[in-house]
Amino acid sequence: MDPHTSVARSPFSSVVQRRRSKSHRQSYRSNVGTMSHLGYTPGFTKRRLTTCRLAPKRCSTAEINPEQRALLVREWQLSYVTPLYRFQHGHLKTYSRQLAAFLVSERQQGVAAEVGLGSTLKVTFTLVAGMAQTEEEADTVFIKILSKTPMAAPDDPQKVLWSGWLTCVGGNPDYLRTLPEDFVCLPLFCSGGTEGLTALVKAWFQRTFDCCFGRLEINSVNLQWLAALWTDCHARTSIKQLKLVWSLPAEPPMEVIYAMHAQDASELWRSVRQPGLREEEDDGSVGLAEVACFFKGLKSHFYRHFRVELSAGRLTQVSTALGSAKHGGRIKISNSSYMITTLTLLTECALLKMPI
Amino acid sequence: MSVLRPLSKLPDINAASVLLVENEEDFQQKLAGVMVKEKSVMVKVRLAKSLPLPAKNEQNRPRIDLVVFLINLMSELSLQSAEASLKHLGQGYFLGKVCFMVTNARHAALPAERMVAVRKLASGLRCPLLYAEDQTPDGVTNAAERLLVILRVAAGCVPMTTALFLSNLTSCIVPTEEEEQQNLDFDV
């Protein structure tokens, strides 16, 4: 029986099918960690679980190429993308021409009205090498929209109107292997630029590759993970300070900015991470319990001084010298050395948030 | 340390008494307003922020038939306060006279870990876990109706049914990984 046609059938028969051929595509959530349950609608009950033990990263390469440097420049807005159908890395030039034509035609319809734009737009799709962690992952694609005035000399620097990138760093290999042949999984989409252009680029992708975009928010637990991982890196690269922003549901809503010296945060983190752990024993993995303990220490210290219970509120922003992350899905990576760690965590968030 | 016990006082005829414990003290007011309007049984609602209850009210307090912990999943403090209050509850309550009700379970920004923690808590204590929506009057009415069903049984107002019997049917269950695998592998 053809495994692909059985996907459209009722769930019961798809369970039977699964035992016979492993190429049946499984939802990401059913693959991850403890509970994998394909009998019922995937994404329903057993949809967890984010791996409890994220291996943290010692990390990582010191030299980066100039394309990767372009990723550090600004703050990005995150979205998740479902797998792209028939996206080929060899056809990037064709895609750039198609996208440019699409943008120009949309503009002529009066959809995106921007004052002072040159009459032509140039779009470039480039590959960013060195980000993929395993063979099965697709390479990162960086997209730039430049404006070109017809009067300008060829040497004049072109203005970058919009830039964005699609990436998959450290995605779950089991899930990637179960994707059918024609699909490319690049679940994390970062965009920087005007809303109008972002919407147009997304519309083009949806039309060409039959994928869906959605907002990716970083919930408070993932922000706590980021804070802990960045503090962990302080031993090797100074993070200067750890700044946390909480919003409390008081009348009027209160915002608490809790900034601490990197040295103090690092000492607290080291004391949480199994006091007495020697360097040789450390296998480099951080557990969720340690992150929770670290934050419990921070909050109880705050309570002792200010009598304000931070657990009643929500963690909305975390920033260090390595980068900053906001609850609304905005991320800025300032330092190249630990970029892979941050992106691995964000890719996992995107994969979990995807509706399939 | 004063511990609440279920059978230390005499019951009243055709009356039921429920204790709503909530850290934010918001949803419990709305629920109480709806629950006291019940006509078939005389419902007495007591509100508390956390346990242990103040000793000075000990004499006037009726026998508590059902203790409901209202947890707002968006706030970590809510869950922590509920867990801390559990220690002050007598063991007799865990035979069907404790219930957990959570709100905001469908919030987009809810971390999945907290939901897992609440389910593990409820299943570890063999208590029912109810989901409620507290922003609209309809949601509050529905939640109150469900609590009244359990309350009537816990107070002994339903013949041939005890709280322990009902809790066996309604308690939250979180299967372990081995049980999950077994469910998948049976031959059709």
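Student: Is the crossing of α8(A) and α9(A) left-handed or right-handed?
Tutor: The crossing of α8(A) and α9(A) is right-handed, where right-handed means that the near helix is turned clockwise from the far one by less than a right angle, and left-handed that it is turned anticlockwise. Please keep in mind that this is a predicted model, in which local features need pLDDT of at least 70 and side-chain atom pairs count only at pLDDT 80 or more, while totals for chains, interfaces and linings use all residues. Residues are numbered from 1 along each chain as its sequence is written, chains are lettered from A and ligands numbered from 1 in the order in which they are written, and side-chain values use heavy atoms, with hydrogens and water left out.

Student: At what angle do α8(A) and α9(A) pack?
Tutor: Helix α8 (residues 262-272) of chain A and α9(A) pack at about 130 degrees, and their axes are 9 Å apart; the axes are lines fitted to C-alpha atoms over the stretch in contact, with angles running from 0 to 180 degrees between N-to-C directions. The two helices are therefore oblique to each other, given that angles under 35 degrees count as roughly parallel, over 145 as roughly antiparallel, 65 to 115 as roughly perpendicular and the rest as oblique.

Student: And which residues of α8(A) and α9(A) meet?
Tutor: A:Ala265, A:Leu268, A:Trp269 and A:Val272 of α8(A) meet A:Glu290, A:Val291, A:Cys293, A:Phe294 and A:Leu298 of α9(A), contact meaning heavy atoms within 4.5 Å. By class, this contact of α8(A) with α9(A) has 8 nonpolar residues, no polar ones and 1 charged, where Ala, Val, Leu, Ile, Met, Phe, Trp, Tyr, Cys and Pro count as nonpolar, Asp, Glu, Lys and Arg as charged, and the others, Gly among them, as polar.

Student: What about α4(A) and α6(A), how do their axes cross?
Tutor: The axes of α4(A) and α6(A), the latter being residues 195-209, come within 10 Å and cross at roughly 125 degrees. That makes α4(A) oblique to α6(A), and their crossing is right-handed. The residues that meet include A:Tyr95 and A:Phe102 in α4(A) and A:Leu200 and A:Trp204 in α6(A), and the contact has 9 nonpolar, 2 polar and 2 charged residues.

Student: Switching to chain B, how far apart are the axes of α1 and α4 there?
Tutor: In chain B, the axes of helix α1 (residues 27-35) and helix α4 (residues 137-154) are 9 Å apart, at an angle of about 70 degrees. That makes α1(B) roughly perpendicular to α4(B). Their contact involves, among them, B:Phe27 and B:Leu31 of α1(B) and B:Leu147 and B:Leu151 of α4(B), and its residues divide into 10 nonpolar, 1 polar and 1 charged.

Student: Which elements cover the buried residues of α3(B)?
Tutor: The cover includes α7 (220-232) and α9 (288-306) of chain A, together with α2 (76-86), β4 (98-103) and β5 (129-132) of chain B; helices (H or I, at least four residues) and strands (E, at least two) are DSSP runs numbered from the N terminus. Among the buried residues of α3(B) are B:Arg114, B:Met115 and B:Leu121, buried meaning under 20% relative accessible area, exposed over 50% and partly exposed in between, with a 1.4 Å probe and protein chains only.

Student: Last one, is A:Gly90 buried or exposed?
Tutor: A:Gly90 is exposed, with a relative accessible area of 72%, and it is found in the loop between β3 (84-85) and α4 (92-108) of chain A.
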